[in-house]
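Please consider the sequence and the model shown below. The report after it is intended for a reader who meets this structure for the first time.

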Amino acid sequence: MSDKELLIPASQMDSSAINAQTRRGRLQMLFLLLACAAPVIASYLAYYVFKPEGGKTNFGTLVQPVQDVNPAWFDIPFNGKWTLLVARPAGECTIKNESCLEALFLMRQLRIAVGRESSRVQLVWVNTDGKPVDPEVLLAYDQKTAGFQILSLPADPRLKSEFDAWLNRDGAGQKIQLIDPSPAKMMVFPVTNSPKEFGSIKKDLEKLLRLNRKGEQLQ
């Protein structure tokens, strides 16, 4: 034992050792708590990454957990594309029905607004009553002019029921459904004609396209 150690009372040496052990124990406990909390922290980060600048709430609503798409519902490729989907009866979607046309117009303008990324976004209108689409509406919202794919409900009753449950879960049936490239519904947007709210939705979509580069190979 050194002369310096001889000058330190034994009780103080014991106290120093105990304090060191206590600090090590606290550090170990802190690391353990951080490890346990990591999934929670990650979920918060995943949520807030979709917030626009300034931390304000998006106009869209995140779907948590995401709701998988069954590829058997429709004969189009969902996998690898970002999809904006709306379900409306063609018999009610006429030039006199502004609520239906607002949804179609919003989707079309969103696809245009993302510019060079537009080829990664597909637009789907599910015709829920199977009636012919109004010719005047079709001129503005067809595949060639606006990029819309107009689909009928699944013929199989089981698949139709499954799609209806997916569409209307959490009261989202009248909203615009955003399907990611996996494919799964991960966000829904109310229909709006507000320029400010349109800007918020556009920011959501642009951020998602920037953070998730899936679908680029399909351009």
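The sections below treat the basis of the model, the sheet, a helix with its disulfide, the aromatic rings and some backbone features.

## Basis of the report

The model is predicted: local features need pLDDT of at least 70, side-chain atom pairs count only at pLDDT 80 or more, and totals for chains, interfaces and linings use all residues. Residues are numbered from 1 along each chain as its sequence is written, and side-chain values rest on heavy atoms, with hydrogens and water left out.

Helices (H or I, at least four residues) and strands (E, at least two) are DSSP runs, numbered from the N terminus.

## The sheet

Six strands form an open sheet in the order E1-E6-E5-E2-E3-E4, and their pairing is mixed. Its edge strands are E1 (61-68) and E4 (148-152), each of which pairs on one side only. Direction ignored, neighbouring strands of this sheet are turned by 30 degrees against each other on average; the axes behind such angles are lines fitted to C-alpha atoms, for helices over the stretch in contact, and angles run from 0 to 180 degrees between N-to-C directions.

Two strands count as paired if DSSP finds at least two bridges between them. Strand E1 and strand E6 (residues 184-189) pair in the antiparallel sense, over four bridges. Within E6, Lys185 is the bridge partner of Gln67.

Helix H3 covers residues 98-113, which makes 16 residues, and spans 21 Å from its first C-alpha to its last, close to the 22 Å expected at 1.5 Å a residue. That expected span is 1.5 Å times one less than the number of residues. The buried residues of H3 are Cys100, Leu101, Ala103, Leu104, Leu106, Met107, Arg108 and Leu110. Here buried means under 20% relative accessible area, exposed means over 50%, and partly exposed lies in between (1.4 Å probe, protein chains only). Gly115 follows H3 and has a positive phi, near 60 degrees.

A disulfide is taken as a pair of cysteine sulfur atoms within 2.5 Å, and by this rule the count comes to one. The disulfide joins Cys93 to Cys100, with an S to S distance of 1.8 Å. The torsion about this S-S bond is about -90 degrees, so the disulfide is left-handed. Both Cys93 and Cys100 are buried.

## Aromatic rings

The structure holds six aromatic pairs. The rings of Tyr141 and Phe148 have centres 5.8 Å apart and planes at 85 degrees, so this pair is edge-to-face. Rings of Phe, Tyr and Trp (its six-membered ring) pair if their centres lie within 6.5 Å, and planes under 30 degrees apart count as stacked, over 60 as edge-to-face and the rest as tilted. Tyr141 and Phe148 are both buried.

Trp73, Phe74, Phe78, Phe163 and Trp166 are linked by ring pairs into a cluster. Over the face of Trp166 lies Lys185, at 4.3 Å from the ring centre; a charge sits over a ring if NZ of Lys or CZ of Arg is within 6 Å of the ring centre and within 35 degrees of the ring normal.

## Backbone features

The peptide bond from Gln64 to Pro65 is cis, with omega near -5 degrees, and Pro65 lies in strand E1. The bond from Ser182 to Pro183 is cis, with omega near -5 degrees. Pro183 is placed in the loop between strand E5 (176-179) and E6.

Asp170 has a positive phi near 60 degrees, although Asp170 is not a glycine. This residue is found in the loop between helix H6 (157-168) and E5. Because its relative accessibility is 70%, Asp170 counts as exposed.
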